[in-house]
Amino acid sequence: MKSIIKGLLFVAVTLTANGAQAQKVLKVNQLPQPAQNFIQKHFDARNVSHVIEDDEFFSSKEYKVALSDGTEIEFDSKGNWTEIDSDLQPVPQAIVPNNIRQYVSKSFPNNQIVQISRSSRKYEVELTSGIDLEFDSKGNFKRIDD
Amino acid sequence: MAVSLKTYTNRYLVVAILAIIAIWALLFYAVLMDEVYDNIDDGLKNQKIEIIREAYDDPEFIGNSHSFGINQFRILPADPGETVDNNTFHNELVYMPYDEEDEPYRILTTGFYTKNGTPYKLEIRTSTVEEDDFLINLAISLAVLYAVIAISVILINYLVLTRALRPFRRILTGLGKYRFGTSKSFQPVSSSVREFDDLNTHIVHMIQRNEQIFAQQKRFIENASHELQTPLAVTISKLDLMMEEPALDEGTLSRLAEAKRALLRLVGLNKSLLTLSRIENKQYLQNEEVNFTLLLNQLLQDYQDFIEIKSLQLQVDLNGDFVIWYNADLALILLSNLLRNAIRYNQEGGLLHISVSPDKIEIANSSSGEALNPAYIFNRFHKGTQDSQSNGLGLSIVRSITENYESVDVAYSFKTDQHVFTLRKNI
């Protein structure tokens with residue numbers, strides 16, 4: 001019984017010790033290749049302010065890239081983008097799925113997409129006005145999120 | 001303190017119902033209120049989308065909407081850099097000039113950004129007078145429903161139990177009427193409640209068992225008495241023979257005489273027990289018109305010697321004939337027992353007063369003692385003063401006769417130093 005408790009304590013300490021090293025600063029060329037390609041294509045690698053690797057214990061690795069103009073991009077462990085937050089500027093048009101773009105220009109003309117995030121199940125989009133929209137994984141409009 | 005089953009169950013029912021329905025009603029009301037306001041909020045949120053769309057379409061829209069107008073919204077500039085696009089709802093009483101009173105409103109406070117990122121505060125409001133009315137009416141309805149349900153449950157419980165317990169009441173009444181020795185006096189009651197039917201069956205069986213045992217006991221007593229008679233008679237006759245021996249001395253003779261006296265007492269006792277058992281078995285069934293007055297006179301003649309020995313003053317008041325449909329032997333036993341007692345327990349030179357009328361016979365004797373207790377004197381083997389001659393069964397036989405043949409009653413009273421036994425007709 002005593003040895004079991006000791007073993008558990010040991011594991012707990014190692015885990016927390018590891019947790020303290022959750023965030024690591026990287027250089028751009030240390031990102032997974034798809035991420036680097038993405039930044040190169042839609043943004044400019046020279047505008048990268050800093051890169052952080054986030055490794056929490058119970059979720060997979062995440063990469064957070066901040067650009068000098070305030071834009072923040074998040075990538076998953078494989079280097080695919082999960083979120084782009086442009087503050088008040090529009091995100092690059094090319095990365096927004098077509099039907100999402102069409103819907104926004106039809107229902108909310110004069111509105112730009114200033115933030116977009118995606119998961120395996122859905123897309124979430126924030127417009128200039130502040131309205132949040134939700135789309136399914138194929139880009140079909142689901143609902144206004146408010 | 002024992003209460004009726006109805007009250008007992010009602011108590012628990014009432015508390016449970018009051019508590020449960022109260023909780024339910026409150027929950028129900030809360031849920032509905034939530035739904036109502038959800039509805040209102042959704043409406044306000046839809047309005048927000050439309051307003052923002054219009055703001056993007058029409059550049060002058062924002063400028064024209066800085067106060068609550070017909071459309072019940074307003075757009076105000078916000079501080080730069082302020083985050084405005086969160087939704088908050090709250091209720092507020094707003095003074096309406098055209099109604100001249102405060103009315104309830106629900107207000108959505110939110111905001112949006114223009115194309116160039118300028119933040120604006122947006123307030124949209126709607127009147128909730130109708131909804132509030134609805135909620136008040138709902139509350140009243142729930143209260144009424146609650147009261148109705150509670151009262152109904154109590155009433156129904158009361159009525160149903162009254163009906164269900166009816167056979168039980170009948171069983172109880174039947175049990176009250178049951179007399180040991182008469183198995184027919186308990187009438188079984190059929191009912192639609194299984195438990196009461198079972199109760200019925202068990203009671204009937206129990207009564208049958210008891211009656212059987214009782215019958216066995218009676219037969220046993222009778223048989224025992226019968227059997228006793230023969231050996232007693234044999235012993236007494238042997239003693240008689242012995243006492244006729246010429247060569248006996250005084251001492252032996254007197255001891256034999258005492259023994260014979262004791263045996264004779266035993267014979268008397270045995271006969272009385274047999275009489276008692278026959279009375280209770282209702283073996284005196286033959287009835288006829290019996291004239292008690294005639295019987296009394298006959299008995300007085302038979303007992304004349306005893307009356308004279310004690311120098312009793314005999315007073316007889318005859319105001320008519322006491323005639324009744326009865327068993328002649330029993331009448332004789334009844335009267336002779338009472339008369340014998342009146343003589344035996346009288347004082348020397350005391351008064352023996354007999355009065356007869358068509359519906360009443362009184363036999364009274366003077367006494368030096370105090371009043372007797374009617375609760376005890378009729379019991380078997382109760383003897384007031386220790387009298388070796390009395391077997392204690394006389395009055396017990398009298399009571400047994402009047403209990404089993406109810407057309408004549410006996411009662412005891414003590415008047416002016418006299419024990420009075422009264423026989424009355426009981427039609």
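**Helix packing in chain B**

Mentor: Let's start with a pair of helices: α1(B) and α3(B) make a right-handed crossing. Bear in mind that this is a predicted model.

Trainee: What makes it right-handed, clockwise or anticlockwise turning?

Mentor: Clockwise: a crossing gets that name if the near helix is turned clockwise from the far one by less than a right angle.

Trainee: How do you know whether α1(B) and α3(B) are roughly parallel or roughly antiparallel?

Mentor: Check the angle. Helix α1 (residues 5-57) of chain B packs on helix α3 (residues 129-177) of chain B at about 160 degrees, and their axes are 10 Å apart. Angles over 145 degrees count as roughly antiparallel, so that is what these two are.

Trainee: What kinds of residues make up the contact of α1(B) with α3(B)?

Mentor: By class, there are 26 nonpolar, 4 polar and 2 charged residues.

Trainee: How do you know that the span of α3(B) agrees with its number of residues?

Mentor: Take 1.5 Å a residue. The 49 residues of α3(B) should then span 72 Å, and the end C-alpha atoms are 71 Å apart, so the two agree.

Trainee: Where does α3(B) bend?

Mentor: At Arg166(B), by about 40 degrees, with a proline, Pro167(B), following within four residues.

Trainee: On to α4(B) and α5(B). Why are they called roughly antiparallel?

Mentor: Helix α4 (residues 194-243) of chain B and helix α5 (residues 250-280) of chain B cross at roughly 160 degrees, and their axes come within 9 Å. That angle is over 145 degrees, so α4(B) counts as roughly antiparallel to α5(B). Their contact divides into 17 nonpolar, 5 polar and 3 charged residues.

Trainee: Which hand does the crossing of α4(B) and α5(B) have?

Mentor: Left-handed.

Trainee: Which residues of α5(B) and α10(B) meet?

Mentor: On the α5(B) side, Ser272(B), Thr275(B), Leu276(B), Ile279(B) and Glu280(B); on the α10(B) side, Ser396(B), Ile397(B), Ser400(B), Ile401(B) and Asn404(B). By class, that contact has 4 nonpolar, 5 polar and 1 charged residues.

Trainee: And how many residues of chain A are in contact with chain B?

Mentor: 11 residues of chain A, in contact with 13 of chain B. The chain A side has 5 nonpolar, 5 polar and 1 charged residues.

How values were computed:
Residues numbered from 1 in each chain as written. Chains lettered and ligands numbered in written order. Predicted model: local features only at pLDDT ≥ 70, side-chain atom pairs only at ≥ 80, totals over all residues. Axes fitted to C-alpha atoms, helices over the stretch in contact; angles between N-to-C directions. Parallel < 35°, antiparallel > 145°, perpendicular 65-115°, else oblique. Nonpolar A, V, L, I, M, F, W, Y, C, P; charged D, E, K, R; others polar. Expected span 1.5 Å × (residues − 1). Bend = angle between axes of the 7 residues up to and from the residue. Contact = placed C-beta atoms within 7 Å.
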